[in-house]
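Subject: Structure handover

Dear colleague,

Here is the structure I said I would pass on. My notes on what was found in it follow below.

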Amino acid sequence: MSVNLTRYALWYAGSSLIVLTVQILFQQAFGINLGQAFLPIIPAMIAAMVEGTNWAKENRDPMPKPWKDACAMTGLCIAITAVLIFATTIQTVGMGFEGIRVVALLMTIYAVFWLITNRLFLYMGARNEWANQNRRGG
């Protein structure tokens with residue numbers, strides 16, 4: 001059994017929208033501009049941690065192919081983020097070839113961070129759940 005990619009995608013998309021909303025609210029209400037370089041990584045952390053926790057609830061064995069799962073999860077991050085970027089910027093900014101190149105470069109850089117983040121937080125979520133199960137005696 002591998003991770004549930006549907007659940008991961010829902011958590012990633014939902015937390016991406018929440019992070020985007022919080023960023024806009026802080027900017028509009030308080031004039032605070034949250035650093036934007038790290039914000040796309042937060043939803044991957046949340047979704048991977050949830051998936052790792054759910055894995056550990058269902059299995060006591062280590063994940064058979066965690067890097068393969070992290071790659072699949074990273075593919076979802078790229079796809080969902082591309083849809084969100086397209087949906088939020090295409091109407092307001094006429095994105096020419098140069099804009100597409102910049103977005104593609106940023107997505108490539110983020111893909112590396114998403115891969116590492118997904119793998120790390122997938123393990124952390126599972127490890128934390130196993131520790132909780134051991135404390136509860138189950």
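In these notes, two residues are in contact when heavy atoms of theirs lie within 4.5 Å. The model is predicted, so a pLDDT of at least 70 is required for local features and 80 or more for side-chain atom pairs, while totals for chains, interfaces and linings take in all residues. Numbering starts from 1 along each chain as its sequence is written, and side-chain values use heavy atoms, with hydrogens and water left out.

Overall layout

The protein has 4 helices and 0 strands, in the order α-α-α-α along the sequence. Helices (H or I, at least four residues) and strands (E, at least two) are DSSP runs, numbered from the N terminus. The C-alpha trace spans about 55 × 35 × 20 Å along its principal axes. Among contacts between residues at least 6 apart in sequence, 85% join residues at least 24 apart.

Of the 138 residues, 33% are buried. Buried means under 20% relative accessible area, exposed means over 50%, and partly exposed lies in between (1.4 Å probe, protein chains only).

The core

In soluble globular proteins, nonpolar side chains tend to be buried together. A nonpolar core here is a set of buried Ala, Val, Leu, Ile, Met, Phe, Trp, Tyr and Cys residues joined through side-chain atoms within 4.5 Å. The largest one has 22 residues, and the members that touch the most others are Y8, Y12, A44, M73, C77, W114 and A126. Two or more residues come from each of α1 (5-30), α2 (41-58), α3 (66-89) and α4 (97-136). Setting aside residues up to four places away in sequence, A126 touches G52, T53, W55, A56 and M63.

Aromatic pairs

How many aromatic pairs does the structure hold? There are 4. Rings of Phe, Tyr and Trp (its six-membered ring) pair if their centres lie within 6.5 Å; planes under 30 degrees apart count as stacked, over 60 as edge-to-face and the rest as tilted. The ring centres of Y12 and W114 are 6.4 Å apart and the planes stand at 90°, so this pair is edge-to-face. It links distant parts of the chain, with Y12 in helix α1 and W114 in helix α4, 102 residues apart. Both Y12 and W114 are buried. Ring pairs also link Y8, Y12, Y110 and W114 into a cluster.

T81, in helix α3, has contacts with Y12, M107 and W114 once neighbours within four places in sequence are left aside. T81 is buried, at 12% relative accessibility.

R119 sits over the face of W67, 5.7 Å from the ring centre. The criterion is NZ of Lys or CZ of Arg within 6 Å of the ring centre and within 35 degrees of the ring normal. R119 is also touched by P66, as is L122, not counting residues up to four places away in sequence. P66 is found in helix α3 and is buried, with a relative accessible area of 15%. Its C-alpha atom is separated by 26 Å from that of A37, 29 residues apart along the chain.

Other residues

E129 lies in helix α4. Is E129 buried or exposed? E129 is buried, because its relative accessible area is 7%. Beyond neighbours within four places in sequence, E129 is in contact with T53, A56, K57 and R136.

V83, in helix α3, is exposed at 55% relative accessibility.

Cysteines

A search of the whole structure gives 0 disulfides, a disulfide being a pair of cysteine sulfur atoms within 2.5 Å. C71 is in no disulfide, and the nearest cysteine sulfur, that of C77, is 11 Å away. C71 is partly exposed, with a relative accessible area of 45%. C77 is likewise in no disulfide, and counts as buried at 0% relative accessibility.

Regards
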